[in-house]
Amino acid sequence: MRKLLLPFVAALPLLTGGCLAKTAWDVATLPVKAGSQVVDWSTTSQEESDRNYGRKMREKEAREGKERRAHEKECRKHPESCGDYDGYRASNPD
C-alpha cells in the first residue's frame, strides 16, 4: 500500500500545477488584505476630504448668494430702509 501511495503523493504537486501553493499563499495573506481594506474603509483620503469641503463651500456660497439677492431686491423696493448686507456669509472676511 505504501509503495502505491508514495508515487501518487510525489506526483501530486505536478498534477495540481501549484494550486496548493497559491491557496496556501492566499490563506496566509488574507488577514493582511482584510486589515488594509478595513483601514481604507475607515479613513478618508485627501481627495475625498477636498471633494467634501468643496461641496460644502459651494452650498454655503449658494445660500449666501440667495440671501444677498433677496436683500438687494428688498433694497430696490424700499431704498429708504436699506442698509449694508449683514446676513449669512459663506466665509469669514479676513
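Accessible areas here come from the Shrake-Rupley method with a 1.4 Å probe, and for residues only the protein chains shown count as cover. This is a predicted model, in which local features need pLDDT of at least 70 and side-chain atom pairs count only at pLDDT 80 or more, while totals for chains, interfaces and linings use all residues. Residues are numbered from 1 along each chain as its sequence is written, and side-chain values use heavy atoms, with hydrogens and water left out.

**Exercise 1.** Find the accessible surface of the chain and the share that belongs to carbon and sulfur atoms.

*Solution.* The surface comes to about 8,600 Å². Carbon and sulfur atoms hold 60% of that surface.

**Exercise 2.** Work out which salt bridges the structure holds.

*Solution.* Start with the rule: a side-chain nitrogen of Lys or Arg must lie within 4 Å of a carboxyl oxygen of Asp or Glu. Searching the whole structure with it gives 2 salt bridges. One joins arginine 63 to glutamate 67, with the closest N and O atoms 3.2 Å apart. The other links glutamate 64 with arginine 68, at 3.0 Å between the closest N and O atoms.

**Exercise 3.** Is glutamate 64 buried or exposed?

*Solution.* Buried means under 20% relative accessible area, exposed over 50%, and partly exposed in between (1.4 Å probe, protein chains only). Glutamate 64 has 16% relative accessibility, so it counts as buried.
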